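Welcome! Let's walk through this structure together, beginning with a sheet and then turning to pairs of charged side chains.

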Amino acid sequence: MLHIEENVSLASLNTFGIEVKAKYFVSIYNESDLLELLKLPLWKSQPVLILGGGSNILFTRDFDGIVVQSCIKGLEIQEENESEVWLRAGAGESWHGLVMHCVGKGWGGIENLSLIPGTAGAAPIQNIGAYGVELKDVLESVDGVHLEQGTHLHLSAEECQFGYRESIFKHQLQKIFFISSITLRLTKKNHILHTEYGAIHDVLERRNIRTPGIRDVSDAVISIRRSKLPDPAELGNAGSFFKNPTVSDEVLERLKRAHPAIPYYPFDNQQFKIAAGWLIEQCGWKGKRIGSVGVHVNQSLVLVNYGRANGKEILQLANSIQRDVEQKFGITLKMEVNIF
Ligand code: EPU
């Protein structure tokens with residue numbers, strides 16, 4: 001049964017903790033709920049916003065339409081053999097809960113993605129990634145409903161067109177696709193551990209762990225994230241606000257001449273990723289606070305709400321940072337967070 005509410009506060013449904021209201025709000029627990037919703041006259045007359053865990057969104061105003069919260073639950077083994085398991089997760093499952101479930105079962109592949117806020121269904125939209133692993137490395141397929149056609153769609157990983165914090169769900173299928181579940185392909189043995197990321201390596205060494213397992217890597221990631229990134233339950237934030245920019249080798253050479261310490265990493269097609277956090281820090285923004293908003297003290301990519309900030313204040317801060325980075329380095333920072 002659909003239960004459509006009116007004038008609902010979204011403050012507890014976005015990790016920035018911004019107080020805005022939705023004109024209409026409905027939670028979806030299965031695909032038939034959604035198909036029922038698609039038939040209502042209300043659906044056709046209103047703008048729509050699909051919300052997962054609200055951990056990658058900045059609201060700058062009330063939403064004058066229908067907010068649909070994806071609450072489809074369930075973890076189900078689709079297939080398994082001696083060495084691998086295909087696990088389907090409902091879109092409304094907590095991402096970190098899913099990671100903990102897999103770590104507990106001894107299934108490898110997503111341990112580096114521990115403690116990322118948000119839901120399983122939101123994970124493919126921005127192809128979540130951390131500490132040398134991206135969702136696309138383990139994602140088998142995505143299932144959901146095409147909102148204009150009212151039909152079920154099954155997309156293979158290739159069809160999702162994943163890139164760095166990119167997917168088809170941010171382009172051709174933006175606003176017209178409802179993700180119901182994701183299927184991951186995980187290892188049951190001979191796990192491929194990614195411990196090459198400097199910080200993971202350091203934690204394992206400090207803990208004297210020479211032959212780490214999945215749980216050791218997950219624990220290391222959790223301790224790194226806790227030391228660098230604010231917990232949204234304590235301090236409103238949406239993780240990295242900006243993407244790390246990519247530049248050509250010529251631009252990189254120019255930057256290196258002027259700023260020899262600039263951190264960079266090889267990326268696709270002779271492109272290089274530059275650490276946006278470093279650029280922001282060099283502009284003097286790290287730890288700065290303006291009224292109720294600020295740049296986190298330990299990680300400049302993260303903007304925080306110290307209390308009663310509204311979305312426009314956070315957006316203004318983001319724009320000031322973009323302007324300074326552009327002036328100092330000639331680089332345009334793109335926002336990773338979705339602005340509404
Ligand atoms: N750095 C600074 N100052 C800062 C922040 C970073 O100088 O304030 C430099 C450091 O030198 C460090 C380098 O930037 O060597 C990289 O920093 P970090 O390892 O913290 O990673 P990041 O590139 O800043 C990305 C992701 C994070 C992810 C980490 C770890 C993006 C936009 N962000 O951050 O993802 O956790 O790598 O893999 O790609 C998120 O998307 O919400 C998120 C937190």
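This is a predicted model: local features need pLDDT of at least 70, side-chain atom pairs count only at pLDDT 80 or more; totals for chains, interfaces and linings use all residues.

Four bridges join E3 to strand E5 (residues 63–70), and the two pair in the parallel sense. You can pick out one such partner in E5: Gln-69 is the bridge partner of Leu-51.

Next come the charged side chains. Side chains of opposite charge can pair when their charged atoms come close. A search of the whole structure finds 11 salt bridges. In one of them, Glu-166 meets Lys-243 at 3.0 Å, N to O. Glu-166 sits in the loop between strand E11 (151–156) and strand E12 (177–187), and Lys-243 in the loop between strand E13 (236–240) and strand E14 (246–248), so this pair ties together parts that are 77 residues apart in sequence. Glu-166 is partly exposed, at 23% relative accessible area, whereas Lys-243 counts as buried at 13%.

Another salt bridge links Glu-253 and Lys-256 (3.5 Å, N to O). These two are three residues apart in helix H6 (residues 249–258), so about one helical turn separates them. Glu-253 is partly exposed, at 37%, and Lys-256 is partly exposed too, at 26%.

Finally, look for Glu-134, Lys-136 and Asp-137, which are linked in a network of salt bridges.

Terms used. Residues are numbered from 1 along each chain as its sequence is written. Side-chain values use heavy atoms; hydrogens and water are left out. Two strands pair if DSSP finds at least two bridges between them. A salt bridge is a side-chain nitrogen of Lys or Arg within 4 Å of a carboxyl oxygen of Asp or Glu. Buried means under 20% relative accessible area, exposed over 50%, partly exposed in between (1.4 Å probe, protein chains only).
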